[in-house]
Amino acid sequence: MNMEPKYEEPWHDALNSRSYWYHTMKFPDGEVVNGSWTIDDFLQYIGGYDLKGKTVLDVGTASGYLAFNAEKAGATVTGLDAASTHEFRHVPFADSLSYNNIGQYREIWTRENLIPIKNSWWHAWHKYNSQAKCVYAPIPELYEWPEKSFDVVMAGAIVEHLSEPVFAIGAWARLAREAVLIPFTDVIPVDDLMMRPITPLNDSRINYVWWHISRGLYNKIFSNLGFDVYYTTAYAQHNDADSGSEVATRPSIIAIRRGTEAARAFVPPVALVAQAPEPPVPERRRKRGLLARLSPRRVK
Ligand SMILES: C[S@@+](CC[C@H](N)C(=O)[O-])C[C@H]1O[C@@H](n2cnc3c(N)ncnc32)[C@H](O)[C@@H]1O
């Protein structure tokens, strides 16, 4: 039996409460808030996919840059984020708080990260006078929602944070009538079916990221679910890097359901990932970026 998404009642205190801004946002009244990441070009970030007139689920919505820009692009939007810190799985290390004191870890992450990031979304919702809905639900619950509930499911920069990304991709595909977009997500550019740890697993401070998935595995998972996959390139500016701001480049994945009008109309982008050599990321640079981005959040 299907279960409908349980939409969140608007957070009316959001404008007066503490926010953590994951995204830099520029509001219609001229106010600009600086976040950890600045995305200058929404359309490029999502692989150029036309959202006009579409219903869109934005998974891992954070401060809502993708959600509110999708709305601006003419979509009817639902943002989705974790219901609770139970859903944030960390790589186990003996000296990690999330390993040896899960209760304390959850208390800190709820207070310092999850509530302030949700508050930033609702703050932006008020500022944009948005009609977007929001739902806080664990990913397994998405399998219980009616199939093909949305035209497009977007899930930007979240695959890396999931211990079970293949299971999550299945949930997103099931909900997507025509396309799943996975913007700004590294892909191992090989055709083998593989997933490998993002880090060498020797630094317990970097326990928030799990797997890179190969192009072959993305293609296979999506093919099994009836989708064809295309790759393009996205850019975003990381504002928390040790050396100041730096621009990061990652693939965006566009999976289109076969046999749909969207598949017939879709003009594939140049498959940059297919041609790119596998880039070994220098260890120091990678650590700095991930640490700055994923360490417990500064609250503004
Ligand atoms: C790195 S941010 C990405 C923000 C945005 N999608 C983008 O592309 O810029 C990851 C977001 O995913 C959310 N998230 C992480 N794990 C999650 C989970 N298991 N279920 C739902 N949301 C999750 C985080 O709370 C955060 O809002």
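This is a predicted model: local features need pLDDT of at least 70, side-chain atom pairs count only at pLDDT 80 or more; totals for chains, interfaces and linings use all residues.
Helix α4 covers residues 102-127. The helix has 26 residues, and at 1.5 Å a residue it should span 38 Å. Its end C-alpha atoms lie 35 Å apart, which agrees with that expectation. The helix is bent by about 45 degrees at Thr110. Just beyond α4, Asn129 adopts a positive phi of about 55 degrees.

The buried residues of α4 include four tryptophans: Trp109, Trp121, Trp122 and Trp125. Leu114, Pro116, Ile117 and Ala124 are also buried.

Trp109 belongs to helix α4. This residue counts as buried because 20 other C-beta atoms lie within 10 Å, and the cut-off for burial is 20 or more. Leaving aside residues up to four places away in sequence, Trp109 touches Thr85, Phe88 and Leu114. Ser84 is 25 residues from Trp109 along the chain, yet the C-alpha atoms of the two are separated by 9.5 Å.

The ligand is surrounded by 19 residues. The closest are Gly60, Ala62, Glu87, Gly156 and Ala157. By class, the shell around the ligand holds 14 nonpolar, three polar and two charged residues.

Methods: Residues are numbered from 1 along each chain as its sequence is written. Helices (H or I, at least four residues) and strands (E, at least two) are DSSP runs, numbered from the N terminus. The expected span of a helix is 1.5 Å times one less than its number of residues. The bend at a residue is the angle between axes fitted to the seven residues ending there and the seven starting there. A residue is buried if 20 or more other C-beta atoms lie within 10 Å of its own, exposed if 12 or fewer, and partly exposed in between; C-beta atoms are placed from the backbone. A residue is near a molecule or strand if its C-beta atom, placed from the backbone, lies within 6 Å of it. Ala, Val, Leu, Ile, Met, Phe, Trp, Tyr, Cys and Pro count as nonpolar, Asp, Glu, Lys and Arg as charged, and the others, Gly among them, as polar. Two residues are in contact if their C-beta atoms, placed from the backbone, lie within 7 Å.
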